[in-house]
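Here is a short report on a ligand site and the domains around it. Keep the structure open as you read.

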Amino acid sequence: MNASHTTRKRAALLGAHLWPLTAAIDEGGRLIIGGCNVAELARQYGTPLYLFDEVTIRESCRTWCAALTAGYQGETAVHYASKALLNSALARLIADEGLGLDVVSGGELYVALHAGFPPQRIYMHGNAKTRAELEQALSAEIGQIIVDNLDELEILANLTLYRLRPQPVALRIAPDIAADTHAHMQTGHATSKFGLPLDALDAAAERLRTAPGLRLLGLHAHLGSQLFDLDPYAAEIEVLLDTAARLRDRYGLTIQEINAGGGMGVPYTADQKPFDPYACAARLGEALTCRCRERGFPLPRLVIEPGRSIIARAGVALYTIVATKNLPHTRFLHIDGGMGDNIRPALYGARYTAVLAEQANAPAEEIVEIAGRYCESGDVLIHAAPLPRARVGDILAVPVAGAYTLSMASTYNLTPRPAVVMVNSGNVRLIQRRETYEDLIARDARDET
Ligand code: LLP
């Protein structure tokens, strides 16, 4: 399995920008990633199998950090939004690359701390953080709690009343900016469930005055996910700076950090263009520098929180075709995964592409429906996929499968969740084993089993 393979040029893969950086096709037409034959991995570890290319993850971390440094003269930080995917191996890799980490639940915080992620580089989000989660974050002394609403602020102010070292916080505001994306992924509009409406800002500032255990460091906004247009980011910076000016002028509060959130788009199909991190960072940097100059602010620290654009492209989902069905106008390929491991097509109408892992550059011969195994008619992973003639037992490889797939996975139909491997230079590492049937009853009370 560790043998590296002779490879042809990556260009042979249609839509090369959708595949991990190390993806290639060998002379037999087999898909190779991280120096490993992916069909062999699928047969060795079983399917569905999620494969991650370490080089691609590290490269996207580095690109975002370099882009932000190039685009802005002030201090910068890139935080990986761990809701896109988190496990112990990934937390360690992200820590190793020097990024910060956004968590949005006690569970994500637990996994991050367990993996040894430095607490000071962890920020906690969430519109409904429970008291227990806030206590967990406070006792871990994480870098920042990003306050979403006045009730949360009240609880935090009380929990930290006698704290010796104040807990740094930021206020998340709802900037009232519409972003062009799926309705489920918009978060910056005024009526969003996320963030403080701008008219609640004064109440928040007043409450912070009498909260000695809290130290307001920053302002945060997040417009939504899967955004390609940069204009909303510039508009967002303007609202954040207006807000910082209001806090300074009315309350003498100094904002040291501006957090523009994540949401940077990722192409899923060959017709979608790649997103340019350098252009995005330059736009943010330029808007921030310009607004600070206008208002006489020193340059604050600029933070961004990409999730999808760090992990999506690094992940490839592998399935086995277990059955086929020919209807008058449709041919179904039934695979051994689907909405349990990737609910995005069913939930958002998300589009994916696929190749047969052992005929990765063969011309398409038919248009098929790739149907998931779950008991829902809506569980169709890919509509109208062009493929060579596929047979039972073939391995199907789906690119751009790294983000919001496993992190939203379920055991629907009590189907165990997939194994996860990381590949690099011909080596493969199992980073998460496949769920077992025993796992499915592990939580049942003892006298029920
Ligand atoms: N920061 C905050 C506060 C967020 O809420 C999110 C994502 C991010 C950063 C990272 O956004 P990204 O760079 O990954 O777009 N389940 C949906 C995506 C939901 C995103 C939620 N928030 C999907 O499958 O497309």
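A polar side-chain atom of E305 lies 2.6 Å from a nitrogen atom of the ligand. Y348 also reaches a ligand nitrogen, with a side-chain N or O atom 2.7 Å away. G263 uses its backbone instead: an N or O atom there is 2.8 Å from a ligand oxygen. A polar contact here is a pair of N or O atoms within 3.5 Å.

Taken alone, the ligand exposes 580 Å². The protein buries 91% of that area, computed by the Shrake-Rupley method with a 1.4 Å probe.

## Basis of the model

This is a predicted model, in which local features need pLDDT of at least 70 and side-chain atom pairs count only at pLDDT 80 or more, while totals for chains, interfaces and linings use all residues. Residues are numbered from 1 along each chain as its sequence is written, and side-chain values use heavy atoms, leaving out hydrogens and water.

## The shell

The shell around the ligand holds 19 residues, each with a heavy atom within 4 Å of it. S225, E305, R308, R344 and Y404 come nearest. By class, the shell has 7 nonpolar, 7 polar and 5 charged residues; Gly counts as polar.

## Two domains

The protein chain is divided into domain 1 (3-53 + 314-441) and domain 2 (72-311), with bounds from an automatic or database domain assignment. Their contact (heavy atoms within 4.5 Å) takes 22 residues from domain 1 and 19 residues from domain 2. The domain centres, taken over C-alpha atoms, are 33 Å apart. Each domain gives at least three residues to the shell around the ligand.

Key: A polar contact is a pair of N or O atoms within 3.5 Å; within protein, one must be able to donate a hydrogen and the other to accept it, and residues adjacent in sequence count only if both atoms are side-chain atoms.
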